[in-house]
Amino acid sequence: MLDQPAAPRRVLVTGGAGYIGSHVLHALTDAGIPAVTIDNLSTGRRAAVPESVPLVEGDVGSADLLDRVIRAHDVDAVMHFAGSIVVPESVEKPLAYYRNNTVSSLTLLDACARFGIDKVVFSSTAAVYGATDRVPIDEDTPTAPINPYGASKLMTERMLRDAEPAHGLRSVILRYFNVAGADPAGRTGQATPTATHLIKVACQALLGRRPALSIFGTDYPTPDGTCIRDYIHVSDLAEAHVLALLHLRGGGESLTLNCGYGRGASVLEVVRTLEAVSGETVPATFADRRPGDPPQLVAGADRIRERLGWVPKHDRLDEIVRNALAWERSLPG
Ligand code: UFG
């Protein structure tokens, strides 16, 4: 009798009910890659998880829970999204950030080592570069985070690098620039009403769900005086994760890659683009600079294209804001 082909192994996705994690679960499902997710639903939503993906409610910082999930599913790889992400909050509660981001990552990597899981895709951030003047910022830019959030992520990067020679654990570290937009099919999006990100807040203001958008700072050394960021569509970012997983499953070496398009847009350009796609005015006021905002953050973004063959499909600001607005409209007001 012929042997049955082995069932494909599962990827354990932490934080799969959250904004980015849920887009990645949909991208994995679309690609036919089985997954299981752990999420404590502190900010995530059950409805964001595709029906075919088992959701285990609980904390990634629990070694017992990790053991149970890894034993119950044939896990060969991990994608790690769970964590805290609000920069000013990290300044107020640094220890909570080191616990949720660094200590939980340690627990997760420890479980990987114990179970022989040797592939990790890790959600890192451009915040590891700190207040650099480099434009664009390539991956060889020295890391010098200026807040506990960036430091907590950088510590996990370091643990991953040290774990490779000791435990054979290969990783793709993805350093996100400004992630925005929503699934073009409307299956998931940024659902935290108190989120502070520019495009989310601008959409809420346009829909009357916030009184107005405050434009933080108009005297930056940029062409229109407002800050410039490299906004990347969350669905392109999700695709990069799928490619990173396939790279590791194919035996590829560890990589550290920026996730951005390599070009920036100012706050005013974002507002004008949203007004153009909606035909409506964004209620906005000019405000003082927000402490800690660098004038310009643009990714050096060649390496991810070269190493993963990543080709973005949604790299237009109007598509990003159109999808973000459609998602925002779909939420209860
Ligand atoms: N902005 C406003 N008004 C708002 C919100 C934002 O004018 O209500 C401006 C900010 O001042 C900034 C730009 O819009 O110039 C983008 O701000 P976001 O808060 O959307 O994003 P950040 O660039 O501050 O932060 C992002 C990620 C962080 C990550 C950081 C890396 O969200 O997780 O990039 O530097 F740490």
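Residues are numbered from 1 along each chain as its sequence is written, and side-chain values use heavy atoms, with hydrogens and water left out. Because the model is predicted, local features were required to have a pLDDT of at least 70 and side-chain atom pairs were counted only at pLDDT 80 or more, whereas totals for chains, interfaces and linings use all residues.

The UniProt record, in an unreviewed entry, places the feature "domain: NAD-dependent epimerase/dehydratase" at residues 11–260; UniProt positions are given here in the numbering of this model, feature names are shortened, and annotations may be inferred rather than shown by experiment. The span 11–260 is 38% helix and 20% strand, and its end C-alpha atoms lie 24 Å apart. Helices (H or I, at least four residues) and strands (E, at least two) are DSSP runs, numbered from the N terminus.

Helix 4, at residues 94–115, has 22 residues and reaches 31 Å from its first C-alpha to its last, close to the 32 Å expected at 1.5 Å a residue, where the expected span is 1.5 Å times one less than the number of residues. A bend of about 25° occurs in helix 4 at Asn-100, the bend being the angle between axes fitted to the seven residues ending there and the seven starting there. Residues are termed buried under 20% relative accessible area, exposed over 50%, and partly exposed in between (1.4 Å probe, protein chains only). The buried residues of helix 4 include Tyr-97, Asn-101, Ser-104, Ser-105, Leu-108, Ala-111 and Cys-112. An α-helix has 3.6 residues a turn, so residues three or four places apart point the same way. Contact, defined as heavy atoms within 4.5 Å, links the buried residues of helix 4 to strand 1 (10–14), helix 2 (63–72), strand 4 (75–80), helix 3 (87–92), strand 5 (119–125) and helix 5 (148–167). After helix 4 comes Gly-116, whose phi is positive, near 70°.

Within strand 5 lies Phe-122, which is buried, with a relative accessible area of 2%. Not counting residues up to four places away in sequence, Phe-122 touches His-80, Ser-105, Lys-153, Thr-156, Glu-157, Leu-160, Val-172, Ile-173 and Leu-174. The loop between strand 5 and helix 5 contains Pro-136, and the peptide bond from Val-135 to Pro-136 is cis, with omega near -10°.

In the loop between strand 2 (35–39) and strand 3 (55–57), Leu-41 has a positive phi of about 55° although it is not a glycine, and Leu-41 is partly exposed at a relative accessible area of 23%. Asn-40, placed in the loop between strand 2 and strand 3, counts as partly exposed at 36% relative accessibility. Beyond residues up to four places away in sequence, Asn-40 touches Gly-58 and Asp-59, and its side chain makes a polar contact with the side chain of Asp-59 at 3.5 Å. A polar contact is a pair of N or O atoms within 3.5 Å; within protein, one must be able to donate a hydrogen and the other to accept it, and residues adjacent in sequence count only if both atoms are side-chain atoms.

Helix 10 (residues 317–330) has 14 residues and reaches 20 Å from its first C-alpha to its last, close to the 20 Å expected at 1.5 Å a residue. Helix 10 is mostly covered, with 10 of its 14 residues buried, and these buried residues pack against strand 7 (178–180), helix 6 (198–206), strand 10 (231–233), strand 12 (265–266) and helix 8 (267–278). Glu-328 of helix 10 is buried, with a relative accessible area of 4%, and touches Gln-190, Lys-200, Cys-203, Gln-204, Leu-207 and Arg-209, not counting residues up to four places away in sequence. Ala-326, also in helix 10, counts as partly exposed at 46% relative accessibility.

Around the ligand there are 21 residues, of which Leu-198, Ser-214, Arg-229, Arg-290 and Asp-293 come nearest, a residue being near if one of its heavy atoms lies within 4 Å. A backbone N or O atom of Ser-214 lies 2.6 Å from a nitrogen atom of the ligand, while a polar backbone atom of Phe-216 is 2.9 Å from an oxygen atom of the ligand. For Arg-229, a polar side-chain atom lies 2.7 Å from an oxygen atom of the ligand.
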